[in-house]
Amino acid sequence: MINYQLSNLDDLNQVSSLFKILGHPKRLQLLYLLIQHSMTVSQISTALNWEQSAVSHQLQLLKRHNCVSYERHGKQIIYKLDNPTVMTLIADAVGGINDF
């Protein structure tokens, strides 16, 4: 059994916010794609068959919550998932989906 000490309310609010972000199916789909490849908005839009504006909106939200980062290469912006906590949560959830 894992025993964690109860964190302060601010820490718990941050955890709650992360789970709210990860609780949206489209954002999970986008993050799962970024686990596999770093991509531009255009590439994500094509891969997921979403409007570029919808991709940009979701990426801005994910950036605000430190779930994704980006690198600028000339005019291109490449988004990547490099948050190990988010990667682990998604991988564990996908790997354990048959346990439900």
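Two residues are in contact when heavy atoms of each lie within 4.5 Å. In the predicted model, L89 touches L18, F19 and L22 by this criterion, with residues up to four places away in sequence not counted. L89 is found in helix α5. The relative accessible area of L89 is 29%, so this residue is classed as partly exposed, the class that lies between the limits of 20% and 50%. The C-alpha atoms of L89 and N13 are 17 Å apart, and the two residues are separated by 76 residues along the chain.

Helix α2 comprises 12 residues, 25–36. At 1.5 Å a residue the helix should span 16 Å, and the 17 Å between its end C-alpha atoms therefore agrees with expectation. The buried residues of α2 are R27, L30, L31, L33 and L34. Viewed down the axis of α2, these residues fall within an arc of 155° and so line one face of the helix. In general, an α-helix has 3.6 residues a turn, so residues three or four places apart point the same way. The cover over the buried residues of α2 includes helices α1 (9–22), α3 (41–48), α4 (52–64) and α5 (84–95), together with strand β2 (76–80).

Helix α2 also contains I35. With a relative accessibility of 33%, I35 counts as partly exposed.

Conventions
Residues numbered from 1 in each chain as written. Predicted model: local features only at pLDDT ≥ 70, side-chain atom pairs only at ≥ 80, totals over all residues. Heavy atoms only, no water. Helix = DSSP H or I, 4+ residues; strand = E, 2+ residues; numbered from the N terminus. Expected span 1.5 Å × (residues − 1). Buried < 20%, exposed > 50% of the residue type's maximum accessible area, 1.4 Å probe, protein only. Arc of directions from axis to C-beta.
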